[in-house]
Amino acid sequence: LTVASANLNYDISDHTELKRWLSSNEAPDVILLQEFTESAKSAVTTAQIRRSHPYQLLEASADQFGLALISRLPVVSANWIEAENPWATLKLRAVIDVHGQRVAVTAVHPMPPVSAGFARERDASLSLEAKRLLQGGPPGVLVGDLNDTPWSTGLKGTAPMERATSLAPTWPNVWGWLSLLPMDHVLVTHGVLVVHASRGPDLRSDHRPVIVRLALPKS
């Protein structure tokens with residue numbers, strides 16, 4: 001199973017590079033998109049991409065907190081979790097059928113920790129979603145621009161989930177090669193093995209995508 005996360009930058013309306021990536025042989029099986037706007041929605045709903053990734057959960061927004069999941073694999077169930085307070089953001093919980101084996105995938109994009117309230121909400125949200133995925137159900141994957149580094153409080157609160165992504169920086173993406181911090185992550189529950197991790201192509205966003213290839217535990 002190949003999973004990717006990409007923050008598209010809600011200020012960007014030209015998604016040529018996104019369409020090129022999703023139409024290529026390197027396109028992941030499941031892609032979680034953040035800062036998903038109406039222009040991004042138009043890009044991923046073309047006939048060509050719908051043929052390759054027919055299962056799509058799309059919630060576009062004019063601000064930074066639209067989300068989307070597009071997949072080659074069937075989506076068994078999906079639940080949008082609306083923000084419950086001024087510091088929270090939209091989340092998506094879905095279950096995907098990976099050739100007969102179910103995998104729980106949660107997409108999140110918390111607010112950046114620009115205040116104590118936003119930092120507390122980010123940490124609480126990441127901890128809550130990790131605990132849900134660790135409750136003994138199917139293998140779980142937590143994905144998104146988490147607005148946190150591996151050394152900060154938010155990701156520490158997701159233990160014992162493990163980061164599947166590398167320490168390669170993803171933000172800010174400058175000139176397609178210069179970034180400073182790993183802010184975009186894929187986390188997995190126990191038993192899910194990381195076969196390969198890499199950054200994705202430059203999508204003209206201020207973030208680089210992250211891609212992981214995973215081996216699922218035998219059901």
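Leu-181 counts as partly exposed because its relative accessibility is 31%, where buried means under 20% relative accessible area, exposed over 50%, and partly exposed in between (1.4 Å probe, protein chains only). The model is predicted, so that local features need pLDDT of at least 70 and side-chain atom pairs count only at pLDDT 80 or more, whereas totals for chains, interfaces and linings use all residues. Residues are numbered from 1 along each chain as its sequence is written, and side-chain values use heavy atoms, without hydrogens and water.

Leu-181 lies in the loop between strand 9 and strand 10 (184–188); helices (H or I, at least four residues) and strands (E, at least two) are DSSP runs numbered from the N terminus. Together with Trp-151, Leu-167, Trp-171, Trp-175, Leu-178 and Leu-180, Leu-181 forms a nonpolar surface patch with about 790 Å² of accessible area. Such patches consist of residues with over 30% relative accessible area and no salt bridge, with like charges joined within 9 Å and nonpolar side chains (Val, Leu, Ile, Met, Phe, Trp, Tyr) within 5 Å. A salt bridge is a side-chain nitrogen of Lys or Arg within 4 Å of a carboxyl oxygen of Asp or Glu.

Six strands form an open sheet of mixed pairing, in the order 5-6-7-8-10-9; two strands pair if DSSP finds at least two bridges between them. Strand 5 (75–81) and strand 9 (162–163) stand at the edges with a single partner strand each, so one side of each lacks a neighbour in the sheet. Helix 4 (residues 116–133) packs on the sheet and touches strand 6, strand 7 and strand 8 (140–145), contact meaning heavy atoms within 4.5 Å. The direction of helix 4 makes about 25° with that of strand 6. Strand 6 (residues 91–98) and strand 7 (residues 101–108) pair in the antiparallel sense over eight bridges, with Arg-93 opposite Thr-106.

In strand 10, five of five residues are buried. Asp-184, Val-186 and Val-188 point one way, and His-185 and Leu-187 the other. In a regular strand the side chains alternate between the two faces of the sheet. Strand 10 pairs in the antiparallel sense with strand 8 over five bridges, Val-186 being the bridge partner of Val-143. The antiparallel pairing of strand 9 with strand 10 comprises two bridges, and Arg-163 stands opposite Leu-187.

How values were computed
Axes fitted to C-alpha atoms, helices over the stretch in contact; angles between N-to-C directions. Areas by Shrake-Rupley, 256 points an atom, 1.4 Å probe, with all protein chains shown as cover.
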